[in-house]
Amino acid sequence: MTPPIKFKLHFESFLSEFITSHSFDNKLRQAALYATLNGGKRTRPQLCMIFAGLTNQNIPETDILYAASALELIHCYSLVHDDLPAMDNDDLRRGKPTTHKKYNEATAILVGDCLQSMAFEALTHPEFKCSLDIKIKLVQILSGSIGAKGMVNGQFQDMYLDDNFDSSKLDHVKSMHHQKTGALITASCQFGALLTNDNNLVKEAEKIGNLIGALFQLQDDILDITQSSQTLGKTAGKDQETDKPTITALMGLDAAKQYMHKLSDELKQHINNLDYNTDILMAFINQLLTRKF
Ligand code: GRG
């Protein structure tokens, strides 16, 4: 398996070429490249690559790169739209001006739309050689995780808590977080597993992905109140300032940290129970658990 750090560089040049290969307006292309190649951690592509490598088969690297690109394109679209004045209204992302600040709001909206459709172009690209059966499953998982029962619904609930949403209930907040950010992380693990065609791994990937997603969001809540804007590369303390229903707000910081340890123990136990060599996955998880931004 390619080491994650090498994969990250390779992935970024693939993604850049894929975006550039579209013949669209040069200014829109520049803005799309700005929104994607601006220093993200590439957590979702790396999870996809690691799960694809678990069974030690020779899966074509191009297939992994197309699947990973679809995940990152969706993630970048969601960040660009999340930063817009109508949503989180943020000026800073990945340590740089947000896309609407660097360009303008209409451009940022269209960049997000464009990246979203490119994700599905990547999955259905003729050079992505996996079977049509797998491609359909990838499209089903991705569309399911980002739409009305996934990211968009989670984002909506986060912004406009409705009558049925009780922000004092931990379960409600956890479910909203799962939809907003966890579902795409779960999809990233499932993507890699699907490429292996190993049904057992596909099932395990969903469970493990759900735990990684819950941990990732919890960590984000903790980092938001413990790190500076400079370290985070985005405005720190925003959740508290805007009275967002976060796990740290509900439980308090110490209890949230304890909950994080509980979740990470559970995650590691699941990984240890897998019948594959999980050294790279475990190393990646340990790295994720110590992230500072
Ligand atoms: C606009 C439909 C729509 C959805 C937005 C992504 C999102 C949903 C909201 C972002 C709010 C937020 C900060 C969520 C916490 C988890 C998260 C997605 C963090 C950013 O992801 P990272 O840390 O970012 O992987 P990088 O920059 O490393 O890619």
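Mentor: Let us begin with a term. A crossing of two helices is called right-handed if the near helix is turned clockwise from the far one by less than a right angle, and left-handed if it is turned anticlockwise. Please keep in mind that this is a predicted model.

Trainee: Which hand does the crossing of α3 and α10 have?

Mentor: The crossing of α3 and α10 is right-handed.

Trainee: At what angle do the axes of α3 and α10 cross?

Mentor: They cross at roughly 155°, and the axes come within 12 Å. Helix α3 covers residues 43–53, while α10 spans 199–226.

Trainee: Are α3 and α10 roughly parallel or roughly antiparallel, and why?

Mentor: The axes cross at roughly 155°. Angles over 145 degrees count as roughly antiparallel, so α3 is roughly antiparallel to α10.

Trainee: Which residues meet there?

Mentor: From α3, the residues are Thr43, Arg44, Leu47 and Phe51. On the α10 side they meet Leu201, Ala205, Ile208, Ile212 and Phe216.

Trainee: And how do the residues of that contact divide by class?

Mentor: The contact of α3 with α10 has 7 nonpolar residues, 1 polar and 1 charged.

Trainee: Turning to the cavities, how many of 30 Å³ or more are there?

Mentor: The structure holds 2 of them.

Trainee: What lines the second largest cavity?

Mentor: Its lining consists of Ile212, Leu215, Phe216, Gln219, Leu267, Ile285, Leu288 and Leu289. Helices α10 and α15 (279–289) each give two or more residues to that lining, and α10 provides the largest share, 4 residues. Ile212 and Phe216 line this cavity and also take part in the contact of α10 with α3.

Trainee: What classes of residue are in that lining?

Mentor: There are 7 nonpolar residues and 1 polar, with no charged residues.

Trainee: Which residues lie nearest the centre of the largest cavity?

Mentor: Those are Asn38, Val80, Asp83, Arg93 and Thr99, out of 13 lining residues. The elements that give two or more residues to this lining are α2 (26–36), α4 (61–82) and α5 (99–102).

Conventions: Residues numbered from 1 in each chain as written. Predicted model: local features only at pLDDT ≥ 70, side-chain atom pairs only at ≥ 80, totals over all residues. Heavy atoms only, no water. 1 Å grid on protein atoms, 1.4 Å probe; cavity = no way out; pocket = protein on both sides within 12 Å on 5 of 7 lines; lining within 4 Å. Points joined across faces, edges and corners; volume = space filled by probe spheres on them. Nonpolar A, V, L, I, M, F, W, Y, C, P; charged D, E, K, R; others polar. Axes fitted to C-alpha atoms, helices over the stretch in contact; angles between N-to-C directions. Parallel < 35°, antiparallel > 145°, perpendicular 65-115°, else oblique. Contact = heavy atoms within 4.5 Å.
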